[in-house]
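The sequence and structure come first.

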Amino acid sequence: MSLNILLVGGTGSIGRHVARIATEAGHPVRVLSRRGGDVTGDLTDPSTLTDAVDGVDAVVFTHGTHGDEAGFRDVDYGGVRGVLEAIGDRPVRIALMTAIGVTYRGGYNTSNRAHDWKRRGERLVRASGHPYTIVRPGWFDYNDDDQHELVFLQGDTRTAGSPADGVIARAQIAQVLVSALTSDAAVGKTFELVAEHGPAQSDLDPLFAALVPDTGLDGALDADTQPLSEEPASVLADLERIRALAG
Ligand SMILES: NC(=O)c1ccc[n+]([C@@H]2O[C@H](COP(=O)([O-])OP(=O)(O)OC[C@H]3O[C@@H](n4cnc5c(N)ncnc54)[C@H](OP(=O)(O)O)[C@@H]3O)[C@@H](O)[C@H]2O)c1
């Protein structure tokens, strides 16, 4: 099955691998970027996203910022919201990359609330009604030479905030995101992705199939560390608006 893919963050360190692997798999890929992509758009300006979503069957999100809370709010979260709004009620397959430890709100997260905003982005995707897969990778490219085996975890219990939480190669993340798009077994699943010592798997369907599906706004086995009752009114309003788009 060939899908017209919009790749949000396709010029980034993970996105470049997604573009290559998706193209090799026969999917036409359209890279969104502020500069240098196939379609120009700024995630902080929803009015620039309309052309980007025209005619797409799937969206892969690998975008992100590094810095202050406003960036995580406006890009990591706001970008998901803006693209979902631009898509409207057309059914689109979604693969969203966030991060391992996204449900952990203490320690290293308190300075910029990055996790809170990424988790809110996850919730928008779950509320959207689109078939989705959410991938929370471990630490990029800290793999030993023989760490080729993919391991999917749930419950998001690794919260050290260091490679001790698990490692994963950028190309492995891209392989999982692209594979998820055409796997029925990956629909409605959220998981942490790490690599362990061992050989690479050629078929990821058994890994997707073994996961517990999500049933609500959070990952299936996530702890309720960010209750809706404590969320800002603007975030709750975003959730309602995205839910309503699904009809
Ligand atoms: N390092 C780790 O171990 C680790 C582990 C788990 C998760 N993560 C998360 O992974 C995410 C991505 O990391 P990365 O290293 O791939 O990032 P990166 O190389 O800096 O790429 C960021 C991407 O986001 C896009 N982007 C940023 N702001 C944008 C805007 N306003 N409008 C449109 N596109 C925008 C950039 O596009 P243009 O600049 O071309 O517009 C670029 O394609 C980060 O959020 C990070 O928190 C990292």
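## The enclosed cavity

Helix α3 contributes 3 residues to the lining of the largest cavity, the most of any element; helices (H or I, at least four residues) and strands (E, at least two) are DSSP runs, numbered from the N terminus. The model is predicted: local features need pLDDT of at least 70 and side-chain atom pairs count only at pLDDT 80 or more, while totals for chains, interfaces and linings use all residues. Residues are numbered from 1 along each chain as its sequence is written, and side-chain values use heavy atoms, with hydrogens and water left out.

On a 1 Å grid over the protein atoms alone, a cavity is a set of points where a 1.4 Å probe fits but cannot get out; a pocket is an open set with protein on both sides within 12 Å along at least five of seven lines; lining residues have an atom within 4 Å of a point. The whole structure holds 1 cavity of 30 Å³ or more. The largest cavity has a volume of about 60 Å³, a volume being the space filled by probe spheres set on the points, which are joined across faces, edges and corners. Its lining consists of H63, D76, V80, L96, M97, T98, K118, G121 and E122. Two or more of the lining residues come from each of α2, β5 (93–97) and α3.

By class, this lining has 3 nonpolar, 3 polar and 3 charged residues. Ala, Val, Leu, Ile, Met, Phe, Trp, Tyr, Cys and Pro count as nonpolar, Asp, Glu, Lys and Arg as charged, and the others, Gly among them, as polar.

## The largest pocket

The largest pocket contains about 1100 Å³ of space. It is lined by 38 residues, of which G64, T65, H66, D76 and K118 are the closest to its centre. At least two lining residues come from each of β2 (29–33), α2, α3 (114–127) and β7. The lining divides into 14 nonpolar, 18 polar and 6 charged residues.

## The ligand

The space taken by the ligand is the largest pocket (more than half of the ligand's atoms lie within 2 Å of the pocket's grid points). Around the ligand are 28 residues, with T11, S33, R34, K118 and F140 coming nearest; a residue counts if one of its heavy atoms lies within 4 Å. This shell has 8 nonpolar, 15 polar and 5 charged residues, and α2 (69–87) and β7 (139–140) each supply at least two of its residues.

A polar side-chain atom of D42 lies 2.9 Å from a ligand nitrogen atom. The side chain of H66 has an N or O atom 3.0 Å from a ligand oxygen atom, and a polar backbone atom of G64 is 3.3 Å from an oxygen atom of the ligand. Taken alone, the ligand exposes 930 Å², of which the protein buries 82% (Shrake-Rupley method, 1.4 Å probe).

Key: A polar contact is a pair of N or O atoms within 3.5 Å; within protein, one must be able to donate a hydrogen and the other to accept it, and residues adjacent in sequence count only if both atoms are side-chain atoms.
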